[in-house]
Amino acid sequence: MANGIMKTIVGKLVILGDGGVGKTSLITRYTQKAFNLNISSTIGASFFTCKTNIDNAIVRLQIWDTAGQERFKAMTPMFYRNANAALLVFDITCLDSFGNMQTWAQQLKGNVVEPMVLCVIGNKIDLSENRVVSREEALQYANSIGAQYFECSAKEDQGIGQVFETISRDLIRLSSDSSVKSLKVYEGDVESALMARSTDLEATDVGRIEEPGISIDSIAHAKTVPSKCCY
Amino acid sequence: MSCTEVNPGASVESVLVTTDSCENFEQMSSSLEEIKNYVGKSPEVSDSSTSVDNLEESNSLNAVGSDDDYIRSKDWLEKKKHIFVLSSAGKPIYSRYGIEDKLVTMFGVMQALVSFVQDQNDTINCIHAGSTKYVFLNKNHLILVAISKTEESVPQLVSQLNYVFNQIASILTLTRLNKIYEQRRNYDLRRLLSGVERIIDHLLNFYEIEPALTLGAVQCLSLPPSIRDTISSAITQACSKIKNLVFAILLANNKLITLVRMKKYAIHPADLHLIFNLVQASESFKTVESWTPLCLPRFDASGFLYGHVSYLAEDCQACLLLLTVERDVFFTLSEAKHKIVEKMRRANCLEAINESLNSTDGTCLNAGFPELRHYIYKSKSTAQFHQPEISAPYINNTERLLMLYKRAHRRLHSVGRPLKLLFERSPQEAVLAWDTRGFELYVILEPLIETSAAIASVGKLLNWIKKREDKLFHLNAPTF
Ligand SMILES: Nc1nc2c(ncn2[C@@H]2O[C@H](COP(=O)(O)OP(=O)(O)OP(=O)(O)O)[C@@H](O)[C@H]2O)c(=O)[nH]1
Ligand SMILES: [Mg+2]
């Protein structure tokens with residue numbers, strides 16, 4: 001096969017964690033090689049794709065960068081359902097974000113059926129003088145949920161490449177696990193693998209989501225257009 | 001004037017809900033339900049019994065309280081317009097300047113004032129103290145306050161408060177907002193609004209620099225009509241099979257390129273302004289595709305629409321929003337977007353958009369009107385307006401220009417004594433404002449211009465706009 005590529009793996013990655021821990025910064029650092037201190041908080045979720053070559057395989061990731069602000073909580077399940085990998089991010093200078101990340105992890109474990117790759121990320125190590133979560137504590141927690149632990153800085157571009165390399169390797173390993181059905185494997189280098197994605201979100205998002213505020217049933221009450229101008 | 005029959009930019013059908021710009025936005029987002037709640041509810045007396053005594057106490061606290069240092073700082077006191085949002089229980093939610101927590105005492109005073117008057121079965125609307133106006137907007141669970149030393153009128157300030165309220169409703173939906181406070185009157189809403197301060201800040205600045213909000217209208221990007229039609233049909237074709245898509249909105253640089261809608265529905269300019277503001281305030285929409293819940297309070301304050309939000313391409317910074325009632329059709333819309341961009345690219349629409357965005361020859365002088373400095377023309381039947389490129393002497397003083405327009409707008413729409421025609425001369429400039437059945441026109445002229453010459457110019461200008469109306473306005477109202 002040309003350039004020796006044996007297979008392409010297409011998987012879904014979801015990024016979870018409190019607002020402001022640096023989820024968007026991490027993924028834009030990785031996919032766009034950029035960092036913006038003045039970035040605005042994510043509204044809803046953003047979709048990225050990226051491609052990693054490892055050994056004789058290509059791993060293509062469809063990435064959901066979710067919004068961590070509390071008001072979006074009800075929306076998050078539709079992004080982690082059917083994910084093959086998750087980044088659980090906290091900010092090493094913010095204790096609450098470490099606690100809340102554990103809640104995300106629990107929720108994730110309770111809702112995902114197939115085995116998945118989990119990574120716990122302690123971000124903002126460039127601010128280590130303000131560190132409130134120790135490396136040991138985080139590592140211990142990661143081990144307890146079967147996740148790997150990484151420390152990163154989106155600002156200084158530290159440790160991020162390693163995270164994605166690990167995820168890619170683990171996904172390749174996972175792809176030979178027969179119980180994993182949602183990970184797609186193609187022969188050779190499939191450029192268009194990502195185009196065949198249109199069913200993903202619909203097919204998987206039918207479960208229950210509790211959310212008092214997010215109701216759209218009432219759309220029919222909306223104003224109709226006056227047929228002519230009003231004077 | 002002889003040219004009233006010239007009515008550029010008029011259209012029978014409009015993509016926008018047409019409002020009279022003098023409408024005060026009092027009713028803006030009170031859906032039927034809110035009105036019902038409001039009427040059905042007896043005022044809660046228990047907490048609101050804060051009387052004048054407490055008020056005085058707070059004031060004296062104010063004098064000694066150390067947390068109030070910032071309030072007394074020169075910087076804070078010199079701000080021309082403060083905007084505050086608090087819950088009806090007096091909890092701070094938003095302050096345009098300074099950290100709300102430091103202003104707790106003041107929020108207490110404001111809440112006390114409102115509820116004191118409410119206890120007399122009255123509502124407080126505004127207080128004038130010297131040149132300072134205190135304007136109150138009392139919603140079901142929120143109190144919004146403007147303290148302004150600007151010359152903006154009370155209705156103009158109320159309209160800004162309404163925009164802020166709608167911004168909050170747009171983030172949470174009115175239903176959720178009401179539910180939260182019905183369950184816990186003391187809830188700290190900031191928990192749910194983190195990150196939103198920035199959007200509200202932006203909205204308030206937007207109001208200061210964009211005539212659109214004062215006018216209740218939207219400006220279109222000037223484009224050859226064939227290009228605009230091609231773009232609209234690229235959208236309709238790519239989306240024709242998609243169920244429950246309500247609006248497709250393409251905008252760039254705070255100007256509307258096109259808007260395609262579901263039959264029967266139109267969008268309200270105030271909702272569109274919230275969208276413009278959100279897009280401009282959100283760096284995070286750039287370079288990715290986002291899936292964003294969004295409530296358009298004038299469309300329906302009770303629920304969310306979901307938006308696929310993305311910029312067209314790296315080489316064309318126009319933002320496309322596909323708004324649907326379905327929460328899980330991201331990939332369908334993502335595919336549609338790619339089709340739309342492909343079609344547009346093939347038909348050279350991206351270039352046309354860029355060309356219009358980059359063009360700088362749209363000044364009055366370039367159009368052959370040396371005696372005019374600037375103007376705003378609003379077509380009422382489409383809720384759209386057009387203004388030329390800003391030129392000297394306002395390039396570095398858009399604030400003054402905006403102030404002139406706001407003043408003229410206020411005079412035309414004065415509640416007590418509305419005017420049809422206004423011509424005013426000052427040493428700096430002459431201002432002509434004209435309100436007809438079909439349009440509003442505001443013109444800034446050289447100060448020494450003769451009245452007859454001004455009128456002749458205006459006639460010429462209307463004809464000039466008429467000739468280009470299909471380029472300057474979105475006159476079709478395409479549907480899916
Ligand atoms: N010092 C430092 N700041 C960072 C780092 N990563 C992110 N930030 C900053 O933290 C803030 C929040 O970053 P975001 O990437 O928007 O955080 P988020 O997790 O995406 O937040 P939500 O979108 O609200 O969920 C921004 O001001 C970033 O510039 C880092 O590694 N070091
Ligand atoms: Mg983010």
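**Exercise 1.** Find which residue just after helix 1 of chain A takes a positive phi.

*Solution.* Just after helix 1 of chain A, A:Lys33 takes a positive phi of about 55°; helices here are DSSP runs (H or I, at least four residues) and strands likewise (E, at least two), numbered from the N terminus. The model is predicted, so that local features need pLDDT of at least 70 and side-chain atom pairs count only at pLDDT 80 or more, while totals for chains, interfaces and linings use all residues. Residues are numbered from 1 along each chain as its sequence is written, chains are lettered from A and ligands numbered from 1 in the order in which they are written, and side-chain values use heavy atoms, with hydrogens and water left out.

**Exercise 2.** Determine how enclosed helix 1 of chain A is.

*Solution.* Begin with the buried residues (under 20% relative accessible area, exposed being over 50% and partly exposed in between, with a 1.4 Å probe and protein chains only): A:Lys23, A:Thr24, A:Ser25, A:Leu26, A:Ile27, A:Thr28, A:Arg29 and A:Tyr30. Because eight of the 10 residues are buried, helix 1 of chain A is largely enclosed by the rest of the structure. Its cover, judged by contact (heavy atoms within 4.5 Å), includes strand 1 (7-17) and helix 5 (160-175) of chain A.

**Exercise 3.** Identify the protein donors of the magnesium ion (ligand 2).

*Solution.* Taking donors as N, O and S atoms within 2.8 Å of the metal (3.2 Å for Na, K and Ca), with water not among the atoms, one finds A:Thr24 (OG1) and A:Thr42 (OG1), lying 2.0 Å from the ion. A:Thr24 belongs to helix 1 (residues 23-32) of chain A, whereas A:Thr42, 18 residues apart from it, sits in the loop between helix 1 and strand 2 (45-54) of chain A. Both A:Thr24 and A:Thr42 are buried.
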